[in-house]
Amino acid sequence: AKKGARVTGIDLSEKHIEFAKKLAKKRNVKILFEQGSFQQLPSIKSKSQDIVFSSWAFLYSPDLGQVFKEVHRVLKKGGLFVFSQDHPFFHCFGNENLEIKQSYLKSGNGGNPNFISFRRTVSELFNALKESGFNVEKILEPECKWYARWKNEKYFNKKKIEMLPTTIIFKSRK
């Protein structure tokens, strides 16, 4: 938005939308905000978007194939689709002793009834993109640089973060 792009932000949470509106005003940028789900984007015309970006949201979707098909629908030919989420390997290891605590191969809800998130393997993510018509250009696993500021050692063990990627990023095109 700071460089002139027309931006639309979509989120389920009214509180997140209000926060984003305040931030956009503070940054002096014009952004259209909508409360809604990425599962369906009825207000976005087909083949109307140059770029779709999502940061750490898709792990909350029970049907990632539907999300990717909807993103494919709204992107123009050659449009860029970039998303990030927590790395599937990261949560396989415990924080105290770094022993394997859960199977990487077991997909589905993370098991906490109060916080639903869906784990998927890298191949499930990649294949869902391909099956939705995307050409995957890059998969990135950046080193985590912010852990030195993190104070919650119970959740983010420094050694674990130094050894495993916390995030995975997919760059693809329609």
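Me: Is Q39 buried or exposed?
Reply: In this predicted model, Q39 is buried, with a relative accessible area of 19%. The cut-off for a buried residue is under 20% relative accessible area.

Me: And where does Q39 sit?
Reply: Q39 is placed in the loop between β2 (31-35) and β3 (49-55).

Me: Which residues does Q39 touch?
Reply: Not counting residues up to four places away in sequence, Q39 touches S61, P62, D63, Q66, V67 and E70.

Me: Let us turn to the core. How many residues are in the largest nonpolar core?
Reply: The largest nonpolar core has 20 residues, and those with the most contacts inside it are F68, F81, L129 and F170. The elements that give two or more residues to this core are α2, β4, α3 and β8. The largest share, 5 residues, comes from α2. As a general point, nonpolar side chains tend to be buried together in soluble globular proteins.

Me: What is F81 in contact with?
Reply: Leaving aside neighbours within four places in sequence, the contacts of F81 include V52, F58, F68, V71, L129 and F170.

Me: Which residues of α3 are buried?
Reply: In helix α3 (residues 122-131), the residues V122, L125, A128 and L129 are buried. They cover an arc of only 140° around the axis, which puts them on the same side of α3.

Me: What do they pack against?
Reply: The buried residues of α3 pack against α2 (64-74), β4 (75-86), β7 (135-140) and β8 (167-173). Just after α3, G133 takes a positive phi of about 100°.

Me: Now for charges. How many salt bridges are there?
Reply: The count comes to 5 salt bridges. In general, side chains of opposite charge can pair when their charged atoms come close.

Me: Which residue does K76 pair with?
Reply: The side chains of K76 and D50 form a salt bridge, at 3.3 Å from N to O. K76 lies in strand β4 and D50 in strand β3, so this pair ties together parts that are 26 residues apart in sequence.

Me: What about E137?
Reply: E137 forms a salt bridge with K171, and their closest N and O atoms are 3.4 Å apart. Because E137 lies in strand β7 and K171 in strand β8, the pair ties together parts that are 34 residues apart in sequence. E137, K171 and R173 are linked in a network of salt bridges.

Me: Where do E18 and K21 lie?
Reply: Both E18 and K21 lie in helix α1 (residues 14-26), 3 residues apart, about one turn of the helix. E18 forms a salt bridge with K21, with the closest N and O atoms 3.8 Å apart.

How values were computed: Residues numbered from 1 in each chain as written. Predicted model: local features only at pLDDT ≥ 70, side-chain atom pairs only at ≥ 80, totals over all residues. Heavy atoms only, no water. Buried < 20%, exposed > 50% of the residue type's maximum accessible area, 1.4 Å probe, protein only. Helix = DSSP H or I, 4+ residues; strand = E, 2+ residues; numbered from the N terminus. Arc of directions from axis to C-beta. Contact = heavy atoms within 4.5 Å. Core = buried A, V, L, I, M, F, W, Y, C linked by side-chain atoms within 4.5 Å. Salt bridge = Lys/Arg side-chain N within 4 Å of Asp/Glu carboxyl O.
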